[in-house]
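Dear colleague,

Please find the structure below, together with its sequence. My notes on the findings follow directly after it.

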Amino acid sequence: MTSPGSPTVVGVLKEVKGFERRVALTPTGARVLVADGHRVVVETGAGLGSGFKDDEYRDSGAAIAQSSDQVFDEASLLLHVKEPQPQEFEKFRPQHTLFTYLHLAAAPEVADALCRSGCRAIAYESVEVDRQLPLLAPMSMVAGRLATQIAASYLEARNGGRGMLMGGLPGVEPTTVVVIGAGTSGRHAAEVAAGMGAEVIVADLNLERARSVADACGPLARAVVSSAAVIEELAPTAEVMIGAVLAPGHRAPIVITRKILDLMPEGAVVVDIAIDQGGCVEGVESTTHADPVRTMGHVRVSATPNMPAAVPRSSTAALTAATLPYVRALAKGWPEAAASHPELLVAVNVENGAVVNPDVKDALGR
Ligand SMILES: NC(=O)c1ccc[n+]([C@@H]2O[C@H](COP(=O)([O-])OP(=O)(O)OC[C@H]3O[C@@H](n4cnc5c(N)ncnc54)[C@H](O)[C@@H]3O)[C@@H](O)[C@H]2O)c1
């Protein structure tokens, strides 16, 4: 455990939540922290799911711990990707600062465990700068890009699709992709579809936002104001629809109704990115990485809540690029970190045995 005045010991825990293959720090990130004068302790095998071997961390100057207990014992700043799991609950101590995705509103038992421990727990998703969520955005980017890849793959005949190439060919009609929601994930979905040569239509309640995404997608793209009537009109020629909407703090709005699914061409593909907020397709059920599509009428729908887990190496790189500046600040000590990055103050979800973030408190009814 770090003592006052000594360099911070930064601990990197292996993820224990099912199917989670990301890691909270890359070997390059470890090298940066070591160069800053800190000690980095990485649980053995923590990087394997993302393709990083223990030796790569050793080469970066990190020490490898043989167990999570050793990381909890030695480190004061603990890095994770997902919220603590029951087997970890009793390992947190008042000396620990935990930095990770927490989503406590959906996990009161995790909030209780962190309160009992007396640690300070800071949530990636609660870091807000200029009304943006910079530590959540990288995963929306990944999900958006993957959504188009998934759709392209399920248009293939071998996967039971319409047998269409996303971008068409010279002299052959391209696929039409309707992206509903022109935020972070929608922008990335639309850009990949346009890059593949698809005809892209971007729909959002906010026309300016839709226009800005369509502009970035080139001359084949256009923007529309989203409404049930407009999407119904687009449906008969939409071989792909991607639902990328978000109403902050609320369940996802239903923007793709059963009627719209029925209007789409046979063998069309829908990707519901918003499934982690309840889904934006009427009657949708979650899918998994092992079983990624369901048939609804004559259309197939993919709605996997943890899409970034499909590409852990890319997701880890995107996530750690965003978190590293905060990790470097936190490693300097809490007062310095809070002074240089005041957004961390609100991102503290649990401190001194209590839930302190106002939104999380509200959501948990405390
Ligand atoms: N499945 C996954 O693995 C995964 C990964 C990351 C993000 N997500 C989810 O994807 C969703 C989108 O995230 P984001 O970061 O792109 O959000 P964002 O806030 O950047 O963008 C959402 C957009 O939806 C628009 N919108 C809201 N209601 C609408 C409606 N009724 N019709 C049309 N447009 C509407 C908003 O104007 C906004 O432009 C969220 O639910 C998020 O939790 C899922």
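Axes here are lines fitted to C-alpha atoms, for helices over the stretch in contact, and angles run from 0 to 180 degrees between N-to-C directions. Helices (H or I, at least four residues) and strands (E, at least two) are DSSP runs, numbered from the N terminus.

This is a predicted model, in which local features need pLDDT of at least 70 and side-chain atom pairs count only at pLDDT 80 or more, while totals for chains, interfaces and linings use all residues. Residues are numbered from 1 along each chain as its sequence is written.

The helix pair

Two packed helices are described by the angle between their axes and the distance between the axes. For helix H5 (residues 137-154) and helix H6 (residues 184-195), the axes come within 7 Å and cross at roughly 35°. Residues in contact (C-beta atoms, placed from the backbone, within 7 Å) include Ala137, Ser140 and Met141 of H5, and Thr184, Ser185 and Gly186 of H6.

H5 has 18 residues and spans 26 Å from first to last C-alpha, close to the 26 Å expected at 1.5 Å a residue; the expected span is 1.5 Å times one less than the number of residues. A residue is buried if 20 or more other C-beta atoms, placed from the backbone, lie within 10 Å of its own. Because 15 of its 18 residues are buried, H5 is largely enclosed by the rest of the structure.

Two strands pair if DSSP finds at least two bridges between them. Seven strands form an open sheet of mixed pairing, in the order S9-S8-S7-S10-S11-S13-S12. Strands S9 (222-225) and S12 (294-296) stand at the edges with a single partner strand each, so one side of each has no neighbour in the sheet. Within this order, S7 (residues 176-180) and S10 (residues 240-243) pair in the parallel sense over four bridges, and Ile180 has Gly243 of S10 as its bridge partner.

Both helices pack on this sheet. H5 touches S10, S11 (269-272) and S13 (299-302), and its direction makes about 155° with that of S11. H6 touches S7, S8 (199-204) and S10, with its direction at about 165° to that of S8.

The eight-stranded sheet

A further open sheet, also mixed, has eight strands in the order S3-S2-S1-S4-S5-S6-S14-S15. Its edges are S3 (63-65) and S15 (354-355), each with a single partner strand. S5 (residues 97-100) and S6 (residues 120-123) pair in the parallel sense over four bridges, with Thr100 opposite Ala123 in S6.

Yours sincerely

Note on methods: Two residues are in contact if their C-beta atoms, placed from the backbone, lie within 7 Å. A residue is buried if 20 or more other C-beta atoms lie within 10 Å of its own, exposed if 12 or fewer, and partly exposed in between; C-beta atoms are placed from the backbone.
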